[in-house]
Every structure is written in structure tokens, then in C-alpha cells.
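User: I am new to reading structures. Can you take me through the reasoning behind the labels?
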Amino acid sequence: MDMQIVLSVLEKMRQFRSRDHWTRQQLEAYQADALRSLREYAYAHSPFYQQFHHGLTDAPLHELPVLTKAMLMEHFDELVTDRAIRLEEVKTHMRNLTGDERFLGRYWVNATSGSSGHPGIFLFNRAEWITVMASFARAREWGGVKVNLTRRVKTATVASTTPFHMSTRVNATLHSWWMPEIRLAASEPKDSIVERLNAWQPEVLIAYASMARILADEQLAGHLQITPRAVFTSSEVLTEETRRRIVQAWGERLFNQYAATESGSLAAECDHHRGMHLMEDLVIIEVVDQDNRPVPPGVYGDKLLITVLGSRTQPLIRYELSDSVRLSPDPCPSGHPFALIDAIQGRVEDVLSFRGAAGGVVHVHPLVFSRIMDTLPVSGWQVIQEAGVLRVLLSGVRGEVEDETLAATSRQALAEQGANVPRVEVQRVPAIPKTAAGKAPLITSNLSSSSPLSDALDSGVSVQEAL
Ligand SMILES: [Zn+2]
């Protein structure tokens, strides 16, 4: 471990703390400056941006074109600002990754889990990587877990252990400093996770929302017996019912956070529990509709556009994330200058498309299903769209669930959305199937996302729209 890096992270956190007391005007002035520097750098060093923003270098941010992951990956070698970086070599480096190695000796490489098939790859130089690590530490501090050199916090993380996932990489860099920490793979069997947590007795528990819900149920059943002073959830939609169970198990000490491989931590909850504060000094975040028009507070956007102010190796300007979030219209009593998001309802990929009863296509949002499934006495649920059938998986059913009633309720909800209602099958399973990273998405589609919607409609089946 590199002690200089640890000290730099601590220094960065001191900077961050002072910004919690900024006024909104101070924050906006800072953003304007940082954005100007980012754009100047990109125009000077990225052949891609010289083209992409051609004739627009003085245009305001909201007039710039949107960058998608597909574009980023396709133009990788021209987009990066160091001509020594070649995507093919980065991929080779990733395959051989085991710990804290750096590409070309100076870049930490991270990749998205690529649940949609095509992982995004992101490189961070030393300064960028320090900011990423400090952003995660800041999320913990907002949850009341102070980070310093003399008070190390006994932590358990139940997440992905894949070497190129961001949480694994952050851990590899900070290993001995952040210790004592145990990392458990979310894909491990539940009983073994429970046993190891009981033995470890963490002060802080970090887990995907689906895993935190299972562990809360285990705690309530008396199998798990830990008393963390903070529980952090991330990476998945945290539903109302999941929050309620976690609070029931461990008290009002749950802090949700929202992070992206592209940027590090994007937003985190403070101890007022009013939502998650966007880290707007690090990232400019636009909540927009399908046509990239801004959406007002109180309304769910279709996606986010993020501009990562400190990005230099791989400048990200109006980069598209397919998460549907809602800005809160109300301020938080904490007095932070940072805007709040009060809900995330999932990703565009979680929106299922059905043939409309009156023709056309009907898009059904994840909330339609979570309203029905979330309060069932189960430890996990998942809705899977397949050709001509919607399967509802339930695991850990403890009370009365009438499968037929549930199927009927689901059919009715789809009919109310105007969908041509498919067959609905309820199935009980020992555990909700997890992705390679150990996540258990609430909504998923097994229909080929590459088949054009029109083809699928002609054949009479519903598909998830290819986006
Ligand atoms: Zn707050």
C-alpha cells in the first residue's frame, strides 16, 4: 500500500468537508470554473472531443451532444487524452488483474459489470483515483462514519469480488489502511455469509440492497446477530419495503448511496434521511427525459447526463447513464448546498415493453411491479419477462402468499397500463438468481435486446426495447 495515496485521500476529504458549508452560489461558481478547465483540457488533448464538439467549444453545456457508452467504447483510443492508451492493451491488462496493478504503471482500470452485455471501461490517473476514493469515504462520513488514520472501522462488504469492479479496486488500493475489513462475495451461499458476519461482528455493513434485505430478514429471524452502527446499501434500487426491514433489523442507521464506475460516488444519504445528496462539486448531473430535456424536481427522469468535473484521462461530458431518478423539490435541513434525489426507480433497462392492447408499444415502469411485490412476506422477488410469459420469482416466502391472487393482481396492473397482458407465472425458488457480480435485479428481461422491437411485435411477443 502506498501511504502517500492514503494521505492524499485524507487531504482531499478535508477539501470536501469544507464544501458541505458552501452556499449554492459558491457551488455554482465552482462548477462553472471546473467545467471550463475540463473542456479546455478535452479540446487540447482529445481528438475525439475536437471533432465531437466542433463549432460548439463556446456553447453552453446543455447544447452539447450526449455521449453514450457505445460511442465512448467505439472511439476509445481517440477519446482518451494520453496517446499511449490503447483499448486492446487495456483489455489485456484487465484480464490479468489481481490486485492494485496500474496500466502503464499509472492508470487504475475499472469496468462496469456489463449486465447489458458490453462493459464500459474507465481509466483513472492518480489524481482522479484519489478523488474516487475520497468520494466513497465522503459517502461514509455523511452516514456518520468518520474516516481517519487513528480510528479504523471494522467493516464487512458483501459485494462483487471481481478484480476490475470499482469496489474491489478501491479496496485493493487502500487495503491495509482500510482494514480491518472482510469482503464476502454476494454470490456466496446465504448461510456462509451469515456465519462469517456473526464471527466478524462488523461495525459497518456495506451490501447491495437485495443482499441487505436478505440479511435483515436473517437478523429478524435471529440467525444473524450483528449490531452495525451503519448499514450502507448501493448499486441496486432500494425499495421502501427493503428500507423498512433493514431499519427494523438494525434501527434508523441505513444510508443509501449511489455510485457509478464512471465517476465514483455520485450521491449519498445524510443523517436526515431525506434522500441522497448529489456530489455536485465532483459531477454536474442533469436529470432529463428521453429527448435530453431537463425534468423538474418531483418527476422521474428517463436518464441522467453526467459531466465528471475532474475527469482528464477520459473526459466525460454529458455522458449518459440510464438511471431513472427523481430530484426532491424539498431542501434538506442539513444545509448542504447539494441537491437531493429522493428516489431511484431503476434503469431504462428495467422498463419492460409490451405490445399495447390498443396497438403500439406500452412501456411499464419498475414501480408498477414493486408496488405489488415489495410488501409480500418474501426475502426476495424478481420479475422476468420472457416470450409470451411474465415469470414472477419469490424466494424465502414466510407468510401467506396466494400465487393465483398475485398473478391476477399483476395481470390487472398490466392491463391498467394498457398492455396486451401476457401469461403470468408465479414460481417459488430457493434463491433469486444473481448476476456474475452477485446482484439480484428486481426486473429483468430474457428477451434478446438486439432483436428490433418491430420484429418482436410482428411475432406477437413482447420485448425489452433495445436502447
Ligand atoms: Zn441531507
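User: What makes the meeting of the Arg106 and Asp82 side chains a salt bridge?
Analyst: This is a predicted model. In it, a nitrogen of Arg106 lies 2.8 Å from an oxygen of Asp82. The cut-off is within 4 Å, so the pair counts as a salt bridge.

User: Where in the chain do Arg106 and Asp82 sit?
Analyst: They are 24 residues apart and link distant parts of the chain. Arg106 is in the loop between α6 (87–95) and β1 (108–111). Asp82 is in the loop between α5 (76–79) and α6.

User: Why is Asp82 called buried?
Analyst: Its relative accessible area is 15%. Buried means under 20%, so Asp82 qualifies. Arg106 has 38% relative accessibility. That falls between 20% and 50%, so Arg106 is partly exposed.

User: Why is Asp291 called exposed?
Analyst: Asp291 has a relative accessible area of 53%. Arg293 has 48% relative accessibility, so it counts as partly exposed.

User: What makes Cys270, His277 and Cys332 donors of the zinc ion?
Analyst: Their donor atoms are SG of Cys270, NE2 of His277 and SG of Cys332. These lie 2.0 to 2.1 Å from the zinc ion. The limit is within 2.8 Å, so they count as donors.

User: Are Cys270 and His277 buried or exposed?
Analyst: Cys270 has a relative accessible area of 4%, and His277 has 1%. Buried means under 20%, so both are buried.

Definitions and conventions. Residues are numbered from 1 along each chain as its sequence is written. This is a predicted model: local features need pLDDT of at least 70, side-chain atom pairs count only at pLDDT 80 or more; totals for chains, interfaces and linings use all residues. Side-chain values use heavy atoms; hydrogens and water are left out. Donors are N, O and S atoms within 2.8 Å of the metal (3.2 Å for Na, K and Ca); water is not among the atoms, so sites may look incomplete. Buried means under 20% relative accessible area, exposed over 50%, partly exposed in between (1.4 Å probe, protein chains only). Helices (H or I, at least four residues) and strands (E, at least two) are DSSP runs, numbered from the N terminus.
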